[in-house]
Amino acid sequence: MGVLHARHAAACAALLFMLMGCDAFTIPTGFAVGLRTSIRIRATALSSLSAKAQPAGDEPDLLAGSRGDAGRRDLLRLIGGGALYHALPSEARAAEGSTRGTVLVVGATGAIGQTVCQQLLGEGYAVRALTRRTNLSDREGREDAGWTGQVKWVVGDLTKPQSLRGLFKGVDKVVWCAGSQAYLKGIELNRLIYAESVGIVAKLAKEEAKDLSAVVLVSSNAVTRFNDPDFGGSDYLKDVLKWKAQGEKLLRESGVPYSVLRFSAYYGGEANPDKVWITQGDPPGRTPMSLANLALIVSKCLSDPKYGYKTFETAEAREGRNPGGNWEEAMDKLVDDPKPVGL
């Protein structure tokens with residue numbers, strides 16, 4: 001079956017609490033890194049783990065490292081992304097200049113970013129995928145590379161603004177899926193990624209993308225509540241939420257057309273739109289949702305300017321707690337954010 005280190009048992013328990021609707025997300029910050037080195041499980045034993053939730057703040061790079069394709073598939077299944085690798089393939093790569101437009105996906109190698117890339121490809125968008133790695137462009141156009149061969153890989157580092165210049169030319173829309181890497185390099189990295197880089201990306205998109213119609217920021221719920229006395233999250237999570245809140249603020253103040261989509265945690269699984277719950281006001285007690293449902297909502301935000309200038313939360317319905325229902329009708333009823341001072 002494999003070996004699971006004792007220090008990850010608490011992480012599994014925290015994931016279980018999150019699936020039960022707890023609002024604390026107290027998952028050890030080293031959990032995602034530990035998955036790469038501390039857990040060895042055969043592929044045949046992974047299917048039973050595919051429904052485990054991953055917190056919104058922690059987003060490991062699933063294409064990184066020296067593991068072979070089989071190893072990466074195992075890792076994807078383990079964190080709940082078994083439907084990602086070579087899944088949801090589009091019929092053909094959409095060429096840049098597609099009638100649906102060109103979308104730059106920030107954080108494209110994480111679980112959320114991968115799902116979003118595939119969803120957009122399947123809908124006929126041309127996709128540019130931002131990565132820090134320089135060895136992914138050799139996949140472009142290769143049929144054996146699955147969806148990773150259907151996007152245009154562009155290299156840039158969110159912590160190095162100069163590396164992002166020129167990447168937005170010809171882009172119509174931007175999706176931000178980048179997650180926290182603070183557990184790798186120290187907690188201060190949250191400030192660089194969640195605040196400064198969101199503002200820089202919005203600024204560059206405004207300057208370089210002549211026909212920019214939407215910037216979708218995938219954020220976290222509880223960004224307005226992490227200082228509440230009854231909030232049970234760890235100091236690490238509070239730091240993530242603090243800077244995510246600042247990133248949201250900078251995006252709203254940038255003047256670009258935006259949507260802020262907040263959620264709590266994700267798990268692997270297919271789309272089930274009937275379970276999607278849409279609301280506003282950052283209420284507590286949110287439940288995890290499938291990556292496929294999350295990608296559907298991101299795509300919806302890109303589809304029409306009427307979803308711009310709005311902040312909302314999404315989760316999946318749970319009997320007795322939230323209603324679910326027609327999520328598209330709920331999105332059509334969303335209220336615009338107050339206009340920032342000076343805009």
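Are Trp 147 and Trp 153 buried or exposed? Both tryptophans are buried, a label that stands for under 20% relative accessible area, with exposed meaning over 50% and partly exposed lying in between (1.4 Å probe, protein chains only).

A word on the ground rules first. This is a predicted model, in which local features need pLDDT of at least 70 and side-chain atom pairs count only at pLDDT 80 or more, while totals for chains, interfaces and linings use all residues. Residues are numbered from 1 along each chain as its sequence is written, and side-chain values use heavy atoms, leaving out hydrogens and water.

**Aromatic pairs**

Searching the whole structure turns up two aromatic pairs. Rings of Phe, Tyr and Trp (its six-membered ring) pair if their centres lie within 6.5 Å; planes under 30 degrees apart count as stacked, over 60 as edge-to-face and the rest as tilted. Here are the pairs side by side:

| Pair | Distance between ring centres | Angle between planes | Class |
|---|---|---|---|
| Trp 147 and Trp 153 | 5.9 Å | 45° | tilted |
| Tyr 258 and Tyr 309 | 5.5 Å | 80° | edge-to-face |

The tyrosine pair links distant parts of the chain, its members being 51 residues apart. Tyr 258 sits in strand 9 (residues 258-263), and Tyr 309 in the loop between helix 8 (291-303) and strand 13 (310-316). Helices (H or I, at least four residues) and strands (E, at least two) are DSSP runs, numbered from the N terminus. Tyr 258 has 3% relative accessibility, so it counts as buried; Tyr 309, at 39%, counts as partly exposed.

**The sheet and its helix**

The protein has nine helices and 13 strands. Eight strands make an open sheet with mixed pairing, in the order 6-5-4-7-8-9-13-11; two strands pair if DSSP finds at least two bridges between them. Strand 6 (152-155) and strand 11 (276-279) are the edges, each pairing on one side only. From one strand to the next, the twist averages 25°.

Strand 4 (residues 102-106) and strand 7 (residues 173-176) run parallel and are joined by four bridges. Axes are lines fitted to C-alpha atoms, for helices over the stretch in contact (heavy atoms within 4.5 Å), and angles run from 0 to 180 degrees between N-to-C directions.

**The whole protein**

Of the 343 residues, 57% count as buried. Among contacts between residues at least 6 apart in sequence, 76% join residues at least 24 apart.
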